[in-house]
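Morning, everyone. Please bring the model up on your screens. I'll walk you through a few contacts.

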Amino acid sequence: MADYQTHTHDVLIVGAGGAGLRAAIEASAAGVSVGLVCKSLLGKAHTVMAEGGIAAALANVDDRDNWKVHFADTMRGGQYVNHGRMAELHAKEAPDRVRELETWGAVFDRTKDGGILQRNFGGHRYPRLAHVGDRTGLEMIRTLQDHGVHQGIDVHMEVTVLTLLTDGGRVVGAFGYDRERGRFRLFKAKAIVLATGGVGRAFKITSNSWEYTGDGQSLAYHAGAELKDMEFVQFHPTGMVWPPSVQGILVTEGVRGEGGVLRNKDGARFMFGDIPDNYKSQTADNEEEGWRYCQGDKNARRPPELLTRDHVARCIMREVRGGRGSPHGGVFLDISWIKEKLPNAPEHIRRKLPSMYHQFKQLADIDITREPMEVGPTTHYIMGGVSVDPDSQMSSVPGLFAAGEVAAGLHGANRLGGNSLSDLVVFGKRAGEFAAKFAKDHGSGTVNTAQVEAAARESLAPFERGAGAENPFTVQHDLQEMMQDLVGIVRREDEMVRALEGLKKLSARAATTGVPGNREYNPGWHTALDLQNLLTVSEAITLSAIERKESRGAQFRDDFPDKSAEFGKVNIVVKKAADGSMQVRRVPVAPLSDELKKVIEEQK
Amino acid sequence: MSTATFRIWRGENGNGGFKDHTVEVSEGMVVLDAVHKIQATQATDLACRWNCKAGKCGSCSAEINGSPRLMCMTRLNQIPLDQPVTIEPMRTFPHRKDLVTDVSWNFDVKKKIARFKPRKADAADGTFKMGQADIDRVQEFRKCIECYLCQDVCHVLRDHGKHEEFIGPRFFVYNAALEMHPADTGDRLGALKTDHGIGYCNITKCCTNVCPEEIRITDNAIIPLKERVVDEFYDPLGWLLKKLRPGATKG
């Protein structure tokens with residue numbers, strides 16, 4: 001018998017970034033008991049890294065903005081495979097969620113008349129991102145954390161969930177371990193909200209920390225839930241490329257929102273050379289107009305640097321592959337040039353982009369007020385994830401909810417910058433609300449002790465194999481290299497088929513990993529256990545990417561470089577079959593209501 | 001490629017000692033890269049906390065060559081590599097394993113501080129009107145990434161162990177952010193004077209010196225709070241004024 005501590009909550013939230021915290025606050029406010037589990041310390045989740053801002057049609061800076069424009073922008077950015085109802089709820093509810101943050105103590109940057117200031121961002125027609133310099137995520141997570149700790153939520157820090165427990169198809173709890181001591185923990189719950197974020201650690205070059213190993217997607221999948229849109233992995237166009245140790249660290253889109261421009265080694269603003277047809281009417285065709293846009297001229301159109309992330313990332317790749325890149329395999333991102341336009345440019349840059357200034361100065365010896373940065377694409381975000389009901393956020397497994405990056409639907413084939421932070425609070429709140437309701441309407445299920453015993457036994461196997469066995473860090477590294485090379489920004493069927501074979505071999509190696517030492521705070525052991533999740537999501541990404549035989553949004557297929565009308569009507573879904581294999585199928589994109597169709601037409 | 005030796009404190013619950021690990025180092029590396037390299041190739045059970053690797057989350061605090069710093073923001077070209085680089089866990093908190101300490105005391109302290117208590121919003125939809133100039137200072141404090149390096153270096157905690165009577169620089173900054181928030185109506189001065197022990201701080205500015213976010217903890221947070229406490233509790237003229245006109249001195 002495994003030795004474990006048992007905790008009982010009405011609602012268990014897994015993950016304590018923006019979505020998890022917001023869900024916990026909402027569920028707690030509904031009067032149910034709430035447990036919140038997170039892999040790191042509270043307040044360290046990846047939300048803290050979000051820089052640019054939170055998108056909400058507050059219309060504080062441009063009064064032409066409203067939910068319809070935001071909705072249409074989100075759908076256009078997602079290339080119309082988004083779930084329209086989610087995009088509608090998101091656009092309508094984001095402003096209230098932002099204002100609510102201020103009633104809980106957040107302090108956004110201000111307009112001249114004292115309102116919440118909003119900035120330009122890629123794919124957003126009007127200045128829409130409420131922000132705090134370039135540390136908006138920190139402001140948001142701290143606000144939710146400081147508010148949440150007074151709401152009677154039981155926080156279990158540095159705890160990893162190994163498996164979800166089910167009873168007759170319904171979720172009844174979770175089993176995991178605390179990282180500090182390695183002791184097992186059993187959480188009994190009537191409803192569970194997954195808010196575990198993304199899968200960035202499946203790739204070599206990433207802006208994500210160690211935590212983002214696809215835990216929620218994998219837990220849900222193995223519990224029987226459907227995963228949707230897993231092929232849509234966002235490669236953020238601007239990550240640091242030099243020095244090697246900082247490769248992948250994010251450079252906020254806010255740099256371009258404030259007037260930063262992309263140039264190749266010949267000094268050309270290459271983005272002007274490739275503006276997609278559906279954005280032509282909204283995009284500046286000369287440098288002067290682009291600059292006026294960044295300065296708030298309402299009659300100017302946005303510069304092509306602020307096109308959607310998928311497109312900008314591909315344009316950068318093309319420059320690099322064509323031999324027109326920067327010395328270290330990226331392109332130049334220059335904000336210092338605005339000194340030609342503004343008298344106090346260096347001070348302005350330091351005020352608007354303080355953490356970028358700091359980051360480049362300290363990590364790369366670059367003063368961004370004086371010289372350009374070198375940037376290139378970095379794995380940033382997954383649009384796909386657990387398929388959920390748009391209103392309640394419940395998955396196909398009763399009692400299992402998902403919110404934030406781990407859930408699918410809102411962003412379609414490509415997420416607009418700023419739509420993530422708003423996603424977290426809009427759907428975090430909804431997930432918390434509906435999970436609480438589910439918990440009130442349903443009794444406790446029965447925990448199957450055999451399931452617990454099996455998970456416990458399996459998790460301890462790396463100790464039995466010991467120090468001489470396969471090193472889990474090496475397997476993780478090899479997985480990251482392979483996914484980056486074969487299922488990265490540019491994809492081909494033959495390469496992805498090779499990746500599937502590679503995943504089989506890596507899976508076999510993962511089963512032979514061993515670790516020395518004991519269960520006390522043992523990163524080798526933790527990494528060995530995280531491998532299972534990485535392998536599951538890597539397979540889901542690869543199978544889905546093979547199935548979508550077209551290029552759309554974040555998915556670029558070298559062998560199918562064009563968009564196909566046929567694939568524009570479907571989402572790719574994976575589910576665990578009875579024999580344990582991963583089944584892929586196409587499902588029709590959720591139909592739009594007549595009202596939403598009309599909105600899209602009006603906003604074209 | 002050259003190599004460097006890292007003398008890392010290894011052990012559990014305070015029992016242990018330094019162990020040398022030598023790894024190859026390359027251009028641009030930070031201390032955390034070296035620790036990761038050691039972890040991946042020599043000691044998979046080497047415990048350390050980290051997340052963002054960009055100075056934004058405050059997880060990888062340690063004492064490098066005796067100075068409290070973030071491992072992710074300490075470049076190897078800023079420290080001498082001709083001798084071993086020592087890396088130790090923060091000393092002010094109970095030790096757990098290798099570079100990991102038990103920082104839960106900080107979370108407990110924060111819970112005891114009176115939360116944000118907003119005035120009525122300026123519009124029915126919850127809008128607050130606030131001038132940028134009125135929130136600049138609050139935003140400085142809210143840059144805090146809760147790395148707890150200021151707590152680590154503070155002698156009231158580190159040398160005198162006043163964890164029960166003194167909340168430390170991090171939470172004076174937190175108090176200051178609330179007290180100076182234009183929309184806040186809470187009053188934390190009484191607690192600062194008594195339970196939270198602001199009087200113990202003798203403004204040696206050690207906290208300010210180690211803050212990776214360059215928050216001017218002593219000058220901008222602690223001293224103004226001390227002044228407010230003095231005004232509230234020790235100013236005879238103010239005391240008289242309050243008797244005559246209640247509420248006149250607040251703010």
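Start with a charge and a ring. A:Lys44 lies over the face of B:Tyr148, 5.9 Å from the ring centre. Keep in mind that this is a predicted model. B:Tyr148 also belongs to an aromatic cluster, along with B:Phe93, B:Trp105 and B:Phe107. Here is another charge over a ring. The charged end of A:Lys92 sits 4.5 Å from the centre of the A:Trp67 ring.

Now, ring against ring. How many aromatic pairs does a search of the whole structure find? The count over all chains is 14. Take A:Phe401 and A:Phe438. They are edge-to-face, with 6.2 Å centre to centre and 75 degrees between the planes. This pair links distant parts of the chain, 37 residues apart. A:Phe401 is in strand 16 of chain A, and A:Phe438 is in helix 12 of chain A. Buried or exposed, A:Phe401? Its relative accessibility is 2%, so A:Phe401 counts as buried. A:Phe438 is buried too, at 9%.

Next, the nonpolar core. The largest one has 239 residues. A:Ile192, B:Phe6, B:Met71 and B:Ile87 touch the most other members. Helix 12 of chain A gives the largest share, 10 residues. There is also a second, separate core of 15 residues, including A:Tyr177 and A:Leu186.

Last stop, chain B. Strand 1 and strand 2 of chain B run antiparallel, joined by 11 bridges. They form a hairpin with two residues between them. B:Asn13, in the turn, has a positive phi of about 50 degrees. B:Glu12 has B:Asn15 as its bridge partner.

Thanks. Questions, please.

Definitions and conventions: Residues numbered from 1 in each chain as written. Chains lettered and ligands numbered in written order. Predicted model: local features only at pLDDT ≥ 70, side-chain atom pairs only at ≥ 80, totals over all residues. Heavy atoms only, no water. Core = buried A, V, L, I, M, F, W, Y, C linked by side-chain atoms within 4.5 Å. Buried < 20%, exposed > 50% of the residue type's maximum accessible area, 1.4 Å probe, protein only. Helix = DSSP H or I, 4+ residues; strand = E, 2+ residues; numbered from the N terminus. Pairing = 2+ DSSP bridges. Phe/Tyr/Trp six-rings, centres within 6.5 Å; stacked < 30°, edge-to-face > 60°. Lys NZ or Arg CZ within 6 Å of the ring centre and 35° of its normal.
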